[in-house]
Amino acid sequence: DLITKAYVTDGKVSYEIGTEVNYMPEGVGPEGAKYTKGWKLLGVDEEGEIIWKDFKEINAMLVTGEPRSGKSWSVLAMIAQLMMFCSPKEVNFIFMDPKDKISDFYSLTVPHVRNFISTDDDIVRTMRWIVEEEGVRRKEIISNYGVKNVLDLQKKHPEVELPFLYIVIDEVITLADRMDKETKKEFQGYLRTIVTQFPATG
């Protein structure tokens, strides 16, 4: 079969044969257990032990560190794993980064990526859409099927497509500091709502 397209970060994420995109199979996870789609490798600790985490249990994550310490590379490694083991029907991303075209996320053109945004107005507009439209839509779908959250929905009604939507914001402090007072207030309000009210909706 002819491979017509390859999707790459720093290693091959997936490849396309004809019109079908193929994703990596499940493998080995913590302590030799089967590597399910939730488990992801975060790195190693001070004693050299591998750190695994089920991403379905993570509602929000803040990655901090000194400049040039590898924060973006760490996030890219997590994202690459999610893309390798999950199709765009299961996982989507929206990237927000004030660095625009020099962002480490700008060149990610895989099918999982819904959008890359860099301007203050577009970022706030997108967050408003997430809170006032997409989040509401997801809550209605989950409620209509009589379940409590997206995990229950996927378990009881696998035919319903409601992919996890990851909002990745780089340079979040820089972004907030450069906004005018009203825009910053709106941005922080939407961010707070997304983190506290919408984890159950995916």
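This is a predicted model: local features need pLDDT of at least 70, side-chain atom pairs count only at pLDDT 80 or more; totals for chains, interfaces and linings use all residues.
Two residues count as being in contact here when they have heavy atoms within 4.5 Å of each other. Leaving aside residues up to four places away in sequence, K56 touches L151, Q154 and F164. Take L151: 95 residues separate it from K56 along the chain, yet their C-alpha atoms are 8.2 Å apart in space. K56 itself sits in the loop that runs between β7 (50-54) and α1 (71-85). Is K56 buried, partly exposed or exposed? Its relative accessibility is 40%, so K56 counts as partly exposed.

Now zoom out to the whole protein. Its secondary structure comes to five helices and 10 strands. Of its 202 residues, 36% count as buried. Among contacts with a separation of 6 or more, 52% link residues 24 or more positions apart. The protein exposes about 12,400 Å², and carbon and sulfur atoms supply 51% of that.

Next, have a look at one of the sheets. Three strands make up an open, parallel sheet, in the order β9-β8-β10. On average, neighbouring strands are turned by 10 degrees against each other, direction ignored. Between β8 (residues 91-96) and β9, the parallel pairing runs over four bridges, and I94 stands opposite N115 in β9. Helix α2 (residues 120-144) packs on this sheet and touches β8, β9 and β10. The direction of α2 makes about 155 degrees with that of β8.

Conventions. Residues are numbered from 1 along each chain as its sequence is written. Side-chain values use heavy atoms; hydrogens and water are left out. Helices (H or I, at least four residues) and strands (E, at least two) are DSSP runs, numbered from the N terminus. Buried means under 20% relative accessible area, exposed over 50%, partly exposed in between (1.4 Å probe, protein chains only). Accessible areas come from the Shrake-Rupley method with a 1.4 Å probe; for residues, only the protein chains shown count as cover. Two strands pair if DSSP finds at least two bridges between them. Axes are lines fitted to C-alpha atoms, for helices over the stretch in contact, and angles run from 0 to 180 degrees between N-to-C directions.
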